[in-house]
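Okay, everyone, thanks for coming. Let me put the model up, and then I'll talk through some holes and some helix pairs.

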Amino acid sequence: MTSNATFTGSQYLSLHLLETLVAVLPVRDENGSPKSIVYGGAERHMITSQARRRAERVHARDRANAGVGALAGRSTSTRTREWALITSRVLVSEHGWDQEEAIRTARAVIEATGLKFGDPAKKTVANLTKVLLFAPSDAGARIANHLSEREEQIRAWTTEYLTAQAASAAKAKKGPKKPAAEPADGAPEAADGTDGTADAKALPPLAPETRAAVLTALAPRDAIDIALYGRFLAEIADSPNVDGAVQSGHAFTVHEAEQVDDFYAAADDAKLDRKRNALDFLDSADESGAGMTGYQSLISGTFYRHAVLDRVKLRNNLRAAGMTVEEAEEASVAAEAEFVNAFVEAFPEAKKNSTASTGSLPALVLAFEGERPYNYAGAFQQPIDEKGGDGPAGPAAVERLLKHHVFVSGRREDIKTGRVLTYDPQIDTLLSGLELGATPVKYIKELTA
């Protein structure tokens, strides 16, 4: 698909951000330790792009649902394994279905569409799809409305489907009968679900109009966050995947990793109250010590973070979802504004109550346009050495990033309309004495045209 005819700006918006975090743990590995990489011969702490992207899209979605920001009132999405449960709740609350029947029906219909579910014998996963599905938030309601409109046919089909499924699964568990003789070379083997599962060929197919309705409900449609961040669904071949318009890099410290294993002790309120109000020495002599102790790793440092928005890809995604040229242009402008806001404002919420990590503000945001993405991670291949004369990592990183930008933009004619934003008064003073290659701004909304 060609780019939007009304769009005449640069294709890519590159965003670069420096932020200083103190005693936080926004992401962890499988052992509960901070994630790290080795870059420039030094270990660096890392905050994965996946964690940041989720924080950004949830931030934008919540604002849109609350009627706040550039995407207020627009369609957004939910990533979950609970689409059958969501559909069943709508069937119960809005259409008066029995709860158990609603769950059975929703699961059967979605399963017959092509999605696999968890083990029926395990209640915790029986009604959850095996994969997370990123779909418009109203998908469950749309599926429920369709099922309710065809209630009689759907009920009859569900009964037939579940009966055939149970019979096929029971037959599969018994295993195939022992053959009287080995099959001849090239003869087809039995295909009757010998792994203990129901044979899909033995199940009644879902009505074409119902399957189409489910696929339409789960399709990206006009969901802005799917157009931005994309989605991949391999289980249903005819359900469209979307290559997102946003590219994100892992954030990493501009200096060597700094970590502390913090010992903590949690008090037992009831025990301490009892000892405080003890009337005899036996109560007051109860075993001392905390109710629980342990260690948690915390990291500090100045991080470099990068993302880029492909404006043409965003418009093409929205056009592919059915928008007109004018609608896609209007939605893309709003999506870009909200994406930039989320890039600056959103933060992963792990350990937020014990570290106040979500209150951090960036030391510097650099935004500029170009005809290709630009990643400035190379500016920090040599780690900043605070003890070796580079000074505090924050100001040193700002100087190095802007020097790198001025150097690159002087050799790349497509780079233009650079802007910088800071929330640090020390950095603001520093900027007045530097060659920026960009225009200082005061508000997030000014970072993009």
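The second largest cavity has a volume of about 40 Å³. By cavity I mean a set of points on a 1 Å grid, over the protein atoms alone, where a 1.4 Å probe fits but cannot get out. Points are joined across faces, edges and corners, and the volume is the space filled by probe spheres set on them. This is a predicted model, where local features need pLDDT of at least 70 and side-chain atom pairs count only at pLDDT 80 or more, while totals for chains, interfaces and linings use all residues. Residues are numbered from 1 along each chain as its sequence is written, and side-chain values use heavy atoms, with hydrogens and water left out.

So who lines that second cavity? Lining residues have an atom within 4 Å of a point, and here they are Ser49, Arg52, Glu56, Ser248, Gly249, Arg305, His306, Ala307 and Phe343. For the classes, Ala, Val, Leu, Ile, Met, Phe, Trp, Tyr, Cys and Pro count as nonpolar, Asp, Glu, Lys and Arg as charged, and the others, Gly among them, as polar.

Now the largest cavity, with about 60 Å³ of space. Its lining divides into seven nonpolar, one polar and four charged residues. Which helix gives the largest share of that lining? That's H11, with four residues. Helices H1 (49-65), H7 (224-229) and H11 (325-345) each put in at least two. Among the lining residues you'll find Arg57, Asp225, Tyr229 and Phe339. In total, the count comes to two cavities of 30 Å³ or more.

H1 and H11 also pack on each other. Their axes come within 9 Å and cross at roughly 125°. Axes are lines fitted to C-alpha atoms, for helices over the stretch in contact, and angles run from 0 to 180 degrees between N-to-C directions. That makes H1 and H11 oblique, since under 35 degrees counts as roughly parallel, over 145 as roughly antiparallel, 65 to 115 as roughly perpendicular and the rest as oblique. The crossing of H1 and H11 is right-handed, meaning the near helix is turned clockwise from the far one by less than a right angle. In contact, which is heavy atoms within 4.5 Å, are Arg52, Glu56, His59, Ala60 and Arg63 of H1 with Glu338, Phe339, Asn341, Ala342, Phe343 and Glu345 of H11. That contact has four nonpolar, two polar and five charged residues.

On to H2 (residues 83-95). H2 and H3 (residues 99-113) pack at about 135°, axes 8 Å apart, and H2 passes H3 in a right-handed crossing. Residues making this contact include Trp83 and Leu91 of H2 and Ile103 and Ile110 of H3.

Note on methods. 1 Å grid on protein atoms, 1.4 Å probe; cavity = no way out; pocket = protein on both sides within 12 Å on 5 of 7 lines; lining within 4 Å.
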